Amino acid sequence: MTPPARLSAAVEVLADIAARRRPAADALKDWGLAHRFAGSGDRAAIASLVYDTLRRRASAAWIMADESPRSLVIGTLRLQYGLAAPTIAEMFSGERFAPEPLTADERTRLTDGTLVDAPLHVAGDVPEWVLPSLEATFGSAILDELRALGRRAPLDIRVNTLKRSRAEALAGLAHLTPEPTPHAPNGLRIPIGDDGRGPALHVEPEFIDGWYEIQDEGSQLASLLSGARPGETVIDLCAGGGGKTLSLAAMMENSGRLIASDDDPRRLAPMHERLRRAGAVAEIRTPRAGKARTDVLADLDGRADRVLVDAPCTGSGTWRRNPDAKWRMRPNALSTRVADQSTVLDRAARLVRPGGRITYITCSLLPEENDAAVTDLLARRSDDFAVVSTSEILAEHAPYLGSVVRLTQHGLQMSPARTGTDGFYVATLERLA
């Protein structure tokens, strides 16, 4: 496919996303199935343009004074790729599979359109309704943070120390030219191409042999801050596919008792193979189907040394990876997640023993899901839980993070601008009695 034909395809995919309010990945998959002549390079280029356009949706619409998929692509070529109007006009020629020629108004907007007077939510490319929450988190750094949230995410892996050290993995993966991650002690960063794509890490022999897992540096750090130790009883309460469970197993050196569970048994399905590949040991407690579900963790109430709660959340901290998600999110989704967080924190509170700790984690930048959730738990359990000082947690587990994370009322906030990671929040609570 020619570059102009790829532009036409991106416009078509964006129109499908807008019309059906569906995830970008689904729309791109369906487009590829319906256009089997497109090679892998074509599909990758189209996907990159679609995701970049979603990253710049508000600002591109602003300079073009139009929200149509065509206008969004044109605006993105100017804002994200820095192309001049004559260059864009050459690709919009109307020939063969190229998009129709630029109109006089489109040429004018490309030349004169500016973000100088754009409101903050437009300049930062986020929904207007969520801006007050983000301002509460970032304060005067809001625009820098939003711009960082609009950039492409890096490709990070966590070296599985049950099988290899980071030094050994660096040598063994030299063909991928990895670099140590800036903060996580067992992380490596793999270079990505101009199209935003990296190598197919899941087919590398070293991956198949369990040397590493693909995991954002922020997720690695969140697991590390739990402080899980060999010999302890540790519960990963919202384990999902098992990324943090695998981190915990490595931290515990396969010693002690590690239990992984999740309310949705479908999310647990990949974990069996991941544990096998990593050589990690963990019990998987799967809820039984039916209206009256049995509590599969009831025998552990009051016995856990640590409970890790990677809570269900809006995922606002991952918007640089999933830019379409920010435009599909609605205010009622936030209220639903806040209720979910309350439920899962109450469950964790019953599991932890006196003197034991809860590590509360979200991949959210919204204080309603972070400090507010901890405040609400403390209000419900004021006699038997207290927040552990974030300074104490950092000093014990990650002193090098003290200068880069943003400290909050109860915990800490990672962010793309400050730590170069997804937007993880971490707070620690200790049961007093």
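**Close-up views of a predicted protein model**

**View 1. The side chains of Arg22 and Asp16 are joined by a polar contact of 2.7 Å.** A polar contact is a pair of N or O atoms within 3.5 Å; within protein, one must be able to donate a hydrogen and the other to accept it, and residues adjacent in sequence count only if both atoms are side-chain atoms. This is a predicted model, in which local features need pLDDT of at least 70, side-chain atom pairs count only at pLDDT 80 or more, and totals for chains, interfaces and linings use all residues. Residues are numbered from 1 along each chain as its sequence is written, and side-chain values use heavy atoms, with hydrogens and water left out.

**View 2. Arg22 lies in the loop between helix 1 (3–20) and helix 2 (24–34).** Helices (H or I, at least four residues) and strands (E, at least two) are DSSP runs, numbered from the N terminus. With a relative accessible area of 12%, Arg22 is buried. Buried means under 20% relative accessible area, exposed over 50%, and partly exposed in between (1.4 Å probe, protein chains only). Leaving out residues up to four places away in sequence, Arg22 touches Asp16, Ile17, Ala27, Asp30, Asp324 and Arg328; a contact means heavy atoms within 4.5 Å. Asp324 is 302 residues from Arg22 in sequence, yet their C-alpha atoms are 8.7 Å apart in space.

**View 3. Helix 5 (residues 69–79) is largely enclosed by the rest of the structure, because eight of its eleven residues are buried.** The buried residues are Arg70, Ser71, Leu72, Val73, Ile74, Gly75, Thr76 and Leu77. They pack against helix 1, helix 3 (40–55), helix 4 (57–64), helix 6 (85–91) and helix 7 (104–112).

**View 4. Trp319 sits in the loop between strand 8 (304–310) and helix 17 (323–328).** Its relative accessibility is 1%, so Trp319 counts as buried. Not counting residues up to four places away in sequence, Trp319 touches Val126, Val130, Leu134, Leu149, Ala325, Lys326 and Met329. Trp319 and Arg55 are 264 residues apart along the chain, and 8.4 Å separates their C-alpha atoms.

**View 5. The protein chain that holds these sites has 21 helices and 13 strands.** Of its 433 residues, 52% count as buried. Among contacts between residues at least 6 apart in sequence, 70% join residues at least 24 apart. Along the principal axes, the C-alpha atoms fill a box of roughly 70 × 50 × 45 Å.
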